[in-house]
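Here's a walk through a protein model for anyone who likes to know which side chains sit where. Have the structure open as you read.

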Number of protein chains: 2
Amino acid sequence: MPKTEQTQPPRTYSELKTWIQEHYDSLPKRLQSVAAFALDNPDVVALKTIAIISEQAEVTDSTLVRFAKSIGYDGFTDMQSVFQESMRYIPQPYAQRLNRLETDSQSEQSALHKFSQAASNSIHKLEQQIDEKDILKASELLSKARTIYIAGAGRAFPVTTYLHYNFLKMGIQAVIIDGISDTMTEKAKLIRKDEALIAITFSPYSAHTKELVDTCLVNEVPVVAITDSTLSPISRSDDLHLEVVEEEVSGIRGLSATMCLALCLAVETGKLTSKLTPKT
Amino acid sequence: MPKTEQTQPPRTYSELKTWIQEHYDSLPKRLQSVAAFALDNPDVVALKTIAIISEQAEVTDSTLVRFAKSIGYDGFTDMQSVFQESMRYIPQPYAQRLNRLETDSQSEQSALHKFSQAASNSIHKLEQQIDEKDILKASELLSKARTIYIAGAGRAFPVTTYLHYNFLKMGIQAVIIDGISDTMTEKAKLIRKDEALIAITFSPYSAHTKELVDTCLVNEVPVVAITDSTLSPISRSDDLHLEVVEEEVSGIRGLSATMCLALCLAVETGKLTSKLTPKT
DNA sequence: TATAAAATGAAATATTCATTTCAAAAACAG
DNA sequence: CTGTTTTTGAAATGAATATTTCATTTTATA
């Protein structure tokens, strides 16, 4: 029989979480599976039955009960109640309304709340406002490129590195264009017709990136632009531009929606590329 | 036998609510009790058993079952599942659409929709699961540092650059630690007690970052960790770790929620720093 | 490698739970 | 009132669930 904790088991979710973190390493393999699953899917543990949970966590029924007992609970039911309590008093439908009300009335709101709200809104707007076909066109263009160059400085730089990372992971040759303004333009001049450029700029616009785009367009290099407005200097009729507007909170803009768009672009490009080159 | 609705019962909480409001007046007395109780205590209906609910609503077991059937459900269990789903982190309207789309149109959903959905969900989870105090503690710690060092490679690198950008914009000295593994550890050894480190890692974990964290902790350098699980090797009891779980779409994870958290951390740190140094 | 200890899965058991049944009470119509 | 229908509650039934047991496998230890 496995040793069971003598002390009283955690009676709140956050205590339980702490317990799991502290004991995870010393837990048997299957119990670790349960631990990881529980932390990842607390709602499933709270609402479903042993049979369903154990199936999803890929363990047997007994293991779930053992897990609960090893923490010190009477059994699974006892532990489940802790997960359930953690969900209560935060009913989803009310939470939404509360959000709106509080946003209007109380100016002193937690930063996390304000920013996550803004991020969430921005993502929804993105989904509604962007034309799916534009993303597909862009990825088609990119999938044909031998090498994808990516440029975007300042606030756009994280997007640049994110795209770069994703392309590389998908086996697509990608290069970041950075450095001093002069050097960047020099680098851009060397990009060939069968390659492509992704340029990311937000207001306040960096003149460098605009220069880069122009250079490429002159050389007939395909350009995909990610901007926060069609009025952005780098959006022109002869390139493809994808527009993301990040909602601002007291003058500060996030990047959540932009990152989402970037991921989409990368994934779609990846799909097409793998079709073009069936065997790696 | 009581008349039962012939039409299909509501499959979302908000539909169910509407149904109850519309039929309330024509319901028998005890069923009215149940209706009122259910609208007032949806969480109890979602989580507890017939016995407990009927006791709290001051009706008998049978009445509860009858109530469910009179709406058109198979039985109480069927109705309860609607209440349960309303508590989960899956936003109601989309879950519905997804189900329908998946059933008839072969799960061929636009990538943009899937990713923005995942991003949005991740942000909501972040908001609910993270402890606001942890962010404040972390920013307090960071605001006291003369220089903030930031480390995070691979998928975490965009987060690193984002934090770096924001700190600099706020007039906070920040340095990115990158380069070859060996060099990184060397750099970390030079960080002093009155400085701080932010480490960002996601699974699959890079061993380098863990090494970095350990080095700093040994030297008593304050460490703030951003990870995607409390089981991450860099989360330890003696540092501050902030947890973000990005929902995955066919194995691919975004960064939207993480970026949101990063922004919060930077902004809170900025606030505190400006208080500490009133005049620049 | 041999032995003990721990972990695990499958099946049996016991419990809890939802559902149905049926008789009594209440409401209603003539 | 009287007979009929609807509503209701208590108990019986049947189904699902959690828990325990035990044989087997795995892991650790000497």
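A polar contact here is a pair of N or O atoms within 3.5 Å; within protein, one of the two must be able to donate a hydrogen and the other to accept it. Keep in mind that this is a predicted model.

**Around D78(B)**

With that cut-off in hand, look at D78(B): a polar atom of its side chain lies 3.2 Å from the backbone nitrogen of D74(B). The side chain of D78(B) also makes a polar contact with the side chain of R11(B), at 2.9 Å. You'll find D78(B) in helix α6 of chain B, which covers residues 76–87. Is D78(B) buried or exposed? Its relative accessibility is 18%, and buried means under 20%, so D78(B) counts as buried. Setting aside residues up to four places away in sequence, D78(B) touches R11(B) and Y73(B).

**One step along the helix**

M79(B) lies in helix α6 of chain B too. At 1% relative accessibility, M79(B) counts as buried. Which residues is M79(B) in contact with, leaving aside its neighbours within four places in sequence? They are L16(B), V45(B), F67(B), A68(B), I71(B) and Y73(B). Take V45(B) from that list: it is 34 residues from M79(B) along the chain, and the two C-alpha atoms are separated by 9.2 Å.

**Chain A as a whole**

Now zoom out to chain A. Its secondary structure comes to 13 helices and 7 strands. Chain A has 280 residues, and buried ones make up 50% of them. If you take the contacts in chain A with a separation of 6 or more, 67% are between residues 24 or more positions apart.

**The nonpolar cores**

The largest nonpolar core has 84 residues. Which of them touch the most other members? That would be L163, F167 and I198 of chain A, along with L163, F167 and I198 of chain B. To see one of these up close, pick F167(A): not counting residues up to four places away in sequence, it touches L142(A), I148(A), I150(A), I172(A), A174(A), I198(A), A266(A) and T269(A). Another core lies apart from the largest one; it has 56 residues, among them M79(A), F37(B), L47(B) and V59(B).

**Where the chains meet**

**Salt bridges**

Side chains of opposite charge can pair when their charged atoms come close. Over all chains, the structure holds 23 salt bridges, including these:

| Pair | N to O distance |
|---|---|
| E243(B) and K17(A) | 4.0 Å |
| E247(A) and K125(A) | 3.6 Å |
| E248(A) and R253(A) | 3.0 Å |
| K125(B) and E247(B) | 3.9 Å |

In chain B, K125(B) lies in helix α8 (residues 111–129) and E247(B) in the loop between β5 (240–243) and β6 (248–249), so this pair ties together parts that are 122 residues apart in sequence. K125(B) is buried, with a relative accessible area of 17%, whereas E247(B) is partly exposed at 27%.

In chain A, the salt bridge of E247(A) with K125(A) links distant parts of the chain: E247(A) is in the loop between β5 and β6, K125(A) is in helix α8, and 122 residues separate them. E247(A) counts as partly exposed, at 27% relative accessibility, and K125(A) is partly exposed as well, at 35%.

As for the pair E248(A) and R253(A), E248(A) is partly exposed at 43% relative accessibility, and R253(A) is partly exposed with a relative accessible area of 28%.

Conventions: Residues numbered from 1 in each chain as written. Chains lettered and ligands numbered in written order. Predicted model: local features only at pLDDT ≥ 70, side-chain atom pairs only at ≥ 80, totals over all residues. Heavy atoms only, no water. Salt bridge = Lys/Arg side-chain N within 4 Å of Asp/Glu carboxyl O. Core = buried A, V, L, I, M, F, W, Y, C linked by side-chain atoms within 4.5 Å. Buried < 20%, exposed > 50% of the residue type's maximum accessible area, 1.4 Å probe, protein only. Contact = heavy atoms within 4.5 Å. Helix = DSSP H or I, 4+ residues; strand = E, 2+ residues; numbered from the N terminus.
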